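User: I would like to go through the terms used for this structure and see what each one rests on. Please set each value against its cut-off.

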Amino acid sequence: MHELGIMFEVIKRVEAVAKQHQVDRVEKIVLQVGEIATVIPHFLRECYPVAVDRTDFVDTELVIEMIPANGCCRQCDIVYHLMKDEGRCPNCHQMNFDELSGREFSIKEIVVAEGGKNGSSPNY
Ligand SMILES: [Zn+2]
């Protein structure tokens, strides 16, 4: 389970961004995780309380957004969802595809609490 290390890394980055923007309180951390990424959202959620322990983010909510795994069939040139039908193309039923998405892992948004200065939350 490498999720704890990843969570610590996420908190470190959020901390750095918060400091840079002189933010007092972060309300929400939004992560984007691909469906076939090597990190498991369930484990991320489990690790989160440990990672934020003794930090300024104890009351910060963790939100995980899933990004669907999509592939493009090399034969038919159509895009389809890889989690369905074992990744087979709905048209030719082959498993001959280019992976388009689904392995992402990123901090999508850091939502600053009201009164925490700097209402905006650009992508980091
Ligand atoms: Zn096909």
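User: What makes the site of the zinc ion tetrahedral?

Analyst: This is a predicted model, and the angles come from its atoms. The angles among the four donor atoms of the zinc ion run from 106 to 116 degrees. Four donors count as tetrahedral if all angles lie between 85 and 135 degrees, so the site is called tetrahedral.

User: How do you know which atoms coordinate the zinc ion?

Analyst: A donor is an N, O or S atom within 2.8 Å of the metal. The SG atoms of C73, C76, C89 and C92 lie at 2.2 to 2.3 Å, so they count as donors. Along the sequence these residues follow the spacing C-x2-C-x12-C-x2-C. C73 is in strand β3 (residues 70–73), while C92 is in the loop between β4 (79–81) and β5 (97–101), so this pair ties together parts that are 19 residues apart in sequence.

User: Why is C73 called buried?

Analyst: Its relative accessibility is 1%. Buried means under 20%, so C73 qualifies. C92 is buried as well. Leaving aside neighbours within four places in sequence, C73 is in contact with I78, Y80, C89, C92, N96 and F97.

User: Is T55 buried or exposed, and how do you know?

Analyst: T55 has a relative accessible area of 19%. The cut-off for buried is under 20%, so T55 is buried. T55 sits in the loop between α2 (41–52) and β2 (61–67). Setting aside neighbours within four places in sequence, T55 is in contact with I11 and E15.

User: What makes the pair of V52 and T55 a polar contact?

Analyst: A polar atom of the T55 side chain lies 2.6 Å from the backbone oxygen of V52. The limit for such a pair is 3.5 Å, so the distance is within it.

User: How do you know that the span of helix α1 is close to the expected one?

Analyst: α1 covers residues 3–20, which is 18 residues, and reaches 26 Å from its first C-alpha to its last. At 1.5 Å a residue, 26 Å is also the expected value.

User: What puts the buried residues of α1 on the same side?

Analyst: They are E3, I6, M7, V10, I11, V14, V17 and A18. These residues cover an arc of only 135 degrees around the axis, which puts them on the same side of α1. An α-helix has 3.6 residues a turn, so residues three or four places apart point the same way. The buried residues of α1 are covered by elements including β1 (26–34), α2, β2 and β6 (105–112). On the face turned away from the buried side are the exposed residues K12, K19 and Q20.

Terms used
Residues are numbered from 1 along each chain as its sequence is written. This is a predicted model: local features need pLDDT of at least 70, side-chain atom pairs count only at pLDDT 80 or more; totals for chains, interfaces and linings use all residues. Side-chain values use heavy atoms; hydrogens and water are left out. Helices (H or I, at least four residues) and strands (E, at least two) are DSSP runs, numbered from the N terminus. Buried means under 20% relative accessible area, exposed over 50%, partly exposed in between (1.4 Å probe, protein chains only). A polar contact is a pair of N or O atoms within 3.5 Å; within protein, one must be able to donate a hydrogen and the other to accept it, and residues adjacent in sequence count only if both atoms are side-chain atoms. Contact means heavy atoms within 4.5 Å. Donors are N, O and S atoms within 2.8 Å of the metal (3.2 Å for Na, K and Ca); water is not among the atoms, so sites may look incomplete. Four donors count as tetrahedral if all angles lie between 85 and 135 degrees; four count as square planar and six as octahedral if opposite donors are over 155 degrees apart and all others between 65 and 115; anything else is irregular. The expected span of a helix is 1.5 Å times one less than its number of residues. The arc is that of the directions from the helix axis to the C-beta atoms.
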